[in-house]
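I opened this model to look at two things.

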Amino acid sequence: MKKPNQKAWLAGGDALCANPPDPPPGPAWRLVLLGAPGVGKGTQAELLCARLGACHLSTGDILRNAECQGPRERSPALQAALASMHKGELVSDEIMLELVGERGRCMRCCGGFVLDGFPRTVAQAEALDAILEREGVSLDAVFDYELPLDEVVERLGGRRVCPSCKAVYHLTRQPPQKPGICDVCGAQLIRREDDKPETILTRMRAYEATTRPLLEFYRQKGLLVTVPANGTPDEIYARAWISGHSAQASRSAPSVKAGRG
Ligand code: AP5
């Protein structure tokens, strides 16, 4: 399946994706990924999108993409959002909802989507419901990835990312072929600004206080699928895929059929 370049999501405004997806042979999937920072949501989102032909919609990527702009090109709201991200704090609901709201058309992309990093608060989840209703689509499942804290911290501590093509590595678990160099585009790998030990702690606290309550929100809607996130990325992917299918099959009126492109 061809990979959309995500321009419409990353840049917002009037930007168009250079290679929008074709409608998938089966139904398009619309998923939300939840889980602590570093549990592997981005890694799983890439696997799911490659398999489903869906678009990886990451709010963290919107912010990191904005880092490539010069400070003078950024709005004061975006500047404030980046400052929060660098400290490991959540960006305010007001700013996030503005950023996601103006990208609502990505939700009705014919290939479906995998939302990664949004929603993160109950207010954001309620706003997402309103956006989805406006766009005439609905969620198929919410995957919650679960992993013990020490393993999550180990994953974040060893993470290295490519600033150019955004590929993600781990020093020991998923190392690049040549140390420090991206396998995909050859750029020098870096450590994310918010992957410093003190910032990791702040992010974990924000997750426990603000994002965990979302589990109940989606459990009550019958959408929550808990996925143990231990093992290799392929093992976790297979686990989520099987659980997602059975959860969807067990719902009497699957929601996936609305708004197919
Ligand atoms: P965001 O980019 O969403 O970060 P996050 O949720 O903290 O998640 P991460 O990207 O850190 O981790 P991940 O779970 O994707 O793990 P990964 O696959 O990389 O958000 C960043 C910041 O933006 C937030 O802190 C906040 O400030 C702001 N923000 C974003 N959205 C917001 C919102 N809605 N509201 C408010 N603020 C918002 O994997 C981690 C490492 O583990 C990698 O090195 C990987 O190679 C490795 N790994 C992955 N899977 C495995 C495996 N199975 N085995 C071994 N290693 C593995």
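**Ligand shell**

I sorted the shell around the ligand by class and got 14 nonpolar, 12 polar and 10 charged residues. I kept in mind that this is a predicted model.

I then counted the residues surrounding the ligand and found 36. The closest are Thr43, Arg120, Arg159, Gln174 and Arg203.

Next I asked which elements supply the shell. Helix H2 (41–52), helix H3 (59–67), helix H7 (149–157), strand E6 (168–170) and helix H10 (233–250) each give at least two residues. H3 gives the most, with 4 residues. I also checked domains: domain 1 (7–147 + 211–244) and domain 2 (149–195) each contribute at least three residues to the shell.

I looked up atom pairs at the ligand. A polar side-chain atom of glutamine 174 is 2.3 Å from a ligand oxygen. The side chain of threonine 59 places an N or O atom 2.8 Å from a ligand nitrogen.

**Cysteines**

How many disulfides does the structure hold? I found 0.

I took cysteine 68 to see why. Its closest cysteine sulfur, in cysteine 162, is 11 Å away, so the two are too far apart for a bond. Cysteine 68 counts as exposed, at 55% relative accessibility.

Cysteine 106 is in no disulfide either; the sulfur of cysteine 17 is the nearest, at 6.0 Å. Cysteine 106 counts as buried, at 10% relative accessibility.

Terms used: Residues numbered from 1 in each chain as written. Predicted model: local features only at pLDDT ≥ 70, side-chain atom pairs only at ≥ 80, totals over all residues. Heavy atoms only, no water. Near = heavy atom within 4 Å. Polar contact = N/O pair within 3.5 Å; in protein donor to acceptor, adjacent residues only side chain to side chain. Nonpolar A, V, L, I, M, F, W, Y, C, P; charged D, E, K, R; others polar. Domains from an automatic or database assignment. Disulfide = S-S within 2.5 Å. Buried < 20%, exposed > 50% of the residue type's maximum accessible area, 1.4 Å probe, protein only.
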